[in-house]
Amino acid sequence: MSAVLQLSDVTRIHGAGATEVHALRSVTFAAYAGELVAVMGPSGSGKSTLLTLAGGLDQPTDGSVAVEGTDLGALGSKGRARLRRTSIGYVFQDFNLIPALTAAENVALPRELDGERSRNAGRLARAALEEVGIGDLADRFPDEMSGGQQQRVAIARAVVGERRLILADEPTGALDTETGEEILRLIRARCDAGAAGVLVTHEARHAAWADRVVFLRDGVVVDETGSTPVDALLEPGLAR
Amino acid sequence: MSVRQALLALLEQGPMYGYQLRSEFEQRTGATWPLNVGQVYTTLSRLERDGLVEKAGGADGSTGDDAHVMYKVTDPGRAEVSEWFTMPVPRTQPPRDELAIKLALAVTVSGVDVGAVIQQQRSATISALQDYTRLKRSGRAATPEAVEDLAWSLVLDSLVFGAEAEVRWLDHCEARLRRAGELRSATRRVPAAAADDEEARR
């Protein structure tokens with residue numbers, strides 16, 4: 001099986017000389033279709049750098065980043081922007097919705113930018129909003145919605161048009177625990193439906209929704225937790 | 001664990017026999033605190049001795065065969081349940097915490113790689129968290145229909161928050177030990193100044 005996201009030997013150095021900072025050091029990392037991978041680590045461990053590189057928002061100093069087999073470094077900035085619109089969905093902590101656009105227009109925007117006819121883009125947007133459970137809020141503006149609803153819009157925008165790589169940077173950071181959990185449930189469902197997800201978080205409770213948890217420390221992967229279930233925790237009578 | 005109070009509280013719902021009590025208990029708590037049926041009967045006979053429960057007759061006035069002896073709660077039993085729900089669970093004597101003790105010793109015993117101790121524990125605790133979360137998103141905890149399912153999902157939440165607290169404490173220990181210069185071999189070290197620069201940039 002080929003990886004949807006593949007970072008090979010990626011190094012990212014910010015600055016030069018005395019102020020040089022190694023944000024990532026020879027990191028190799030992959031996310032496959034159907035899995036959610038969490039990246040944990042303290043501030044400054046390189047986890048956000050990893051995500052911006054995966055999303056083509058930044059370039060590695062050394063090594064390569066490939067999305068669905070396409071080397072991002074080999075594309076120009078135009079090609080990268082196009083790939084971002086068609087293959088990569090980004091979910092941010094602070095939602096990043098455009099306040100002057102309705103929920104449906106926010107979700108339709110990446111499709112329209114990609115040349116989709118606006119009627120068709122609107123239809124896809126409404127379907128995506130339906131899928132995240134807020135079809136009835138399609139015509140609301142962001143400031144008319146709760147934080148949890150806004151984040152649902154952001155997730156709809158990230159998944160619209162069958163994008164297969166979902167990158168989420170502390171997506172539950174601004175939400176209460178129960179709302180945050182609903183957001184994780186949606187991201188999880190998207191991965192169960194075949195997307196590859198990368199979730200950056202410093203909260204273990206959120207990372208636990210992932211199939212694998214990767215620990216970054218000082219730009220290096222220091223550990224990785226698989227997902228072998230512990231038998232003792234099984235609920236009695238629960239068929240597995 | 002207060003098996004005694006738990007059984008009394010369950011009997012508030014109506015007369016039950018031992019197996020039934022055990023299955024009602026596990027409906028709410030999963031296999032988190034397994035209860036064997038012998039323990040249930042021992043507890044019931046102590047409760048009976050103390051006058052908190054009594055054997056309940058069936059419709060025909062019989063008390064059933066040995067395996068199906070029904071018990072019901074008495075008035076003093078009800079009073080004990082109500083007191084249990086009113087009083088907070090005492091926290092004056094923290095239960096012995098093997099991990100806290102292990103870390104306290106790892107820090108002071110020479111030659112122990114404290115960084116590795118922390119990292120291994122964190123991996124193990126996160127694996128357990130993943131298991132709890134998997135149970136939360138599958139089965140009856142994910143879509144609670146009965147109130148017992150909701151109870152079970154709250155017990156799972158308790159395990160989740162407990163494990164999360166442990167991971168946060170481990171992160172905190174690691175950060176403090178690094179600052180104190182006590183972690184040498186955990187990972188490749190970066191000059192502290194460089195790490196601070198990156199922190200400031202964010």
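These legends go with several views of a predicted model.

**View 1. Chain A, its helices and strands.** Start with the parts list: chain A has seven helices and 10 strands. Along its principal axes, the C-alpha trace spans about 55 × 50 × 35 Å.

**View 2. How chain A packs.** Chain A has a radius of gyration of 18 Å, which agrees with the value near 18 Å that a compact globule of 240 residues would have. As for burial, 52% of the 240 residues in chain A count as buried. Now take the contacts in chain A between residues at least 6 apart in sequence: 70% of these join residues at least 24 apart.

**View 3. The surface and charges of chain A.** On the charge side, chain A carries 25 positive and 33 negative side chains. The centres of those two sets sit 6 Å apart.

**View 4. Two cysteines, one in chain A and one in chain B.** Are A:Cys191 and B:Cys173 buried or exposed? A:Cys191 has a relative accessible area of 0%, so this residue is buried. B:Cys173 comes in at 11% relative accessibility; buried means under 20%, so B:Cys173 counts as buried too.

**View 5. Looking for disulfides.** A disulfide is a covalent bond between the sulfur atoms of two cysteines. How many disulfides does a search of the whole structure find? Over all chains, the search comes back with zero.

How values were computed. Residues numbered from 1 in each chain as written. Chains lettered and ligands numbered in written order. Predicted model: local features only at pLDDT ≥ 70, side-chain atom pairs only at ≥ 80, totals over all residues. Heavy atoms only, no water. Helix = DSSP H or I, 4+ residues; strand = E, 2+ residues; numbered from the N terminus. Rg over C-alpha atoms; globule rule 2.2 N^0.38 Å. Buried < 20%, exposed > 50% of the residue type's maximum accessible area, 1.4 Å probe, protein only. Contact = heavy atoms within 4.5 Å. Lys, Arg positive; Asp, Glu negative; His and termini not counted. Charge placed at Lys NZ, Arg CZ, Asp CG, Glu CD. Disulfide = S-S within 2.5 Å.
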